[in-house]
Amino acid sequence: MKKDSNLTTKKPGNGGDKLRQSLNPQVTVPGRSEKALARRTAILEKLKPVDFISGKPVFVVPSTTVLNLKSGFSHKLLCDGFTFTAGSACAFSCTFCYVTTLLLKNKWIQQILKQTGLEFSDIVVRRQSPMEQLRKQLTPRGKAKYLDPADTRVIYASPLVDIAANMELVNETAQMCLAILELTHWQIRLLSKSPLIAKIANLIPDRFQHRMIYGLSTGTLDDGVAKAIEQGTGLVSKRLAALHTLQDRGLRTFGMVCPILPQADPAAYAARLAEAIRVDRCEDVWAEVVNVRGPSFTATHDALRIAGYHEQAELLAQVSHNTDRREQYSRNTFLAFTKVVPAKKFHFLQYVTRDTAGWWRDHQHLGAVLLGSSAGSAATSRRAA
Ligand code: SF4
């Protein structure tokens, strides 16, 4: 295939080596007064990595919020507008990750990237004292604010990072879940690309399990394809095994089939995926194609090609620069999944335009969830169970 001029050859994440080469201990600190200088120095001091996870330097930044009560994730029906996160940049690196485009304006991220010369996918960013912050937000002025037993809304984690990338993060997530379970009556939806999510389940007492919903995300059943476009994540086969373990324990689970690459035979592909995640055992199933976000298409295409998945890369290339084909890819994928996932539990996330919104609106009854500024009020008209 002819190489497109926009296509890059970057593979995600080699932060550790790059950081060691680029970090300069002599930081020039601009400032008008001694006080400003001291404050700035203290801030920059915090931007030094405290650790490495999967070869990526870990930075800890000050933050006053880990709980977001007005999240856009309610539009995706994953929660009732509540999310929590202890991090801002993930330990994993996926070519299709949407978080980059969300956080590049964040002042801490900007400082870290500027100071180190690294890219967003090369760093891990954690928030300082997330447990303290969470407890503070749940108990303003020392009083628990969300103790109404009728308030069983769903909170989702994490909108920005994987919650189970290693055992330290597993323990951190479990502790945060316990605080929420004790101080509210909310239900918690957790999503991960790591089989270690099953370890979080082990740390949640039985009396709370009816309020926990666990999901493992993958858009492919092929360990090799996943390895090409994701770095650091658990093998797909192990993710599915973890999902089955959770289901066999009788715990609540949901499916997250994302991102689904273009397929030569979408119907056969949907059937295989539905069987693999055991649709009948999932409360809900979300699905999504690869979205155009920054360099996501080109980075995913290149990673597939470099790893030798030429047919898959070619199929992606065919839709990447043609809006009509991209729309057809979304519709074909959606229609294929409607045959294998019951409408009442299906949520196909689709960013729509003024031109395409009508078709998707006509298919909401089958599970289409309209996203983006052209979605109008349609996006929230159908809720997950
Ligand atoms: S696991 Fe999720 S948040 Fe982390 S890099 Fe991949 S897509 Fe982004």
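Which residue of E15 stands opposite Tyr 351? The first legend below takes up this pairing in the predicted model.

Figure 1. Tyr 351 has Leu 371 of E15 opposite to it. Strand E14, residues 346–351, pairs with E15 in the parallel sense, and four bridges connect the two. Both strands belong to an open sheet of nine strands with mixed pairing, ordered E3-E4-E8-E9-E10-E12-E13-E14-E15. Strand E3 (67–68) and strand E15 (368–371) stand at its edges; each has a single partner strand, so one side of each lacks a neighbour in the sheet. Strands of a sheet pair through backbone hydrogen bonds, in either the parallel or the antiparallel sense. The chain as a whole holds 14 helices and 15 strands. Of its 385 residues, 43% are buried. Among contacts in the chain with a separation of 6 or more, 71% are between residues 24 or more positions apart.

**Figure 2. Strand E7 and its two partners, E2 and E5.** Strand E7 comprises residues 124–127, and both of its faces are covered. Val 124 and Arg 126 lie on one side, Val 125 and Arg 127 on the other, and all four are buried. Strand E2 (residues 56–61) pairs with E7 in the parallel sense over four bridges, and Phe 59 has Val 125 as its bridge partner in E7. Strand E5 (residues 87–89) pairs with E7 in the antiparallel sense over two bridges. In this second pairing, Gly 87 has Arg 126 of E7 as its bridge partner.

**Figure 3. The loop from E7 to H5, and helix H5 itself.** Ser 129 lies in the loop between E7 and H5. Its phi is positive, about 45°, although Ser 129 is not a glycine. Most residues other than glycine have a negative phi. Ser 129 counts as partly exposed because it has 14 C-beta neighbours inside 10 Å, between the limits of 12 or fewer for exposed and 20 or more for buried. In helix H5 (residues 130–138), the buried residues are Pro 130, Gln 133, Leu 134 and Leu 138. These residues cover an arc of only 130° around the axis, and therefore lie on the same side of H5. Their cover includes E3, strand E4 (82–84), E7 and helix H6 (167–183).

**Figure 4. Helix H9 and its buried side.** The buried residues of H9 are Val 236, Arg 239, Ala 242, Leu 243 and Leu 246. They span an arc of only 120° around the axis, which places them on the same side of H9. Elements that cover them include helix H7 (197–203), strand E10 (212–217), helix H8 (223–229), strand E12 (252–260) and helix H10 (266–277). The length of the helix can also be checked: its 13 residues, 236–248, should span 18 Å at 1.5 Å a residue, and the end C-alpha atoms are 18 Å apart, in agreement.

**Figure 5. Gly 250, in the loop between H9 and E12.** Just after H9, Gly 250 takes a positive phi of about 85°. Gly 250 counts as exposed because it has 9 C-beta neighbours inside 10 Å, where 12 or fewer is the criterion. Gly 250 is 31 residues from Arg 281 in sequence, and their C-alpha atoms are 9.2 Å apart in space.

Figure 6. Most peptide bonds are trans. Leu 77 counts as buried because it has 20 C-beta neighbours inside 10 Å.

**Figure 7. The residues around the ligand.** The shell consists of Cys 90, Phe 92, Ser 93, Cys 94, Cys 97, Val 99, Val 161, Asp 162 and Lys 193. Six of the shell residues are nonpolar, one is polar and two are charged.

How values were computed. Residues are numbered from 1 along each chain as its sequence is written. This is a predicted model: local features need pLDDT of at least 70, side-chain atom pairs count only at pLDDT 80 or more; totals for chains, interfaces and linings use all residues. The expected span of a helix is 1.5 Å times one less than its number of residues. The arc is that of the directions from the helix axis to the C-beta atoms. Two residues are in contact if their C-beta atoms, placed from the backbone, lie within 7 Å. A residue is near a molecule or strand if its C-beta atom, placed from the backbone, lies within 6 Å of it. Ala, Val, Leu, Ile, Met, Phe, Trp, Tyr, Cys and Pro count as nonpolar, Asp, Glu, Lys and Arg as charged, and the others, Gly among them, as polar. Two strands pair if DSSP finds at least two bridges between them.
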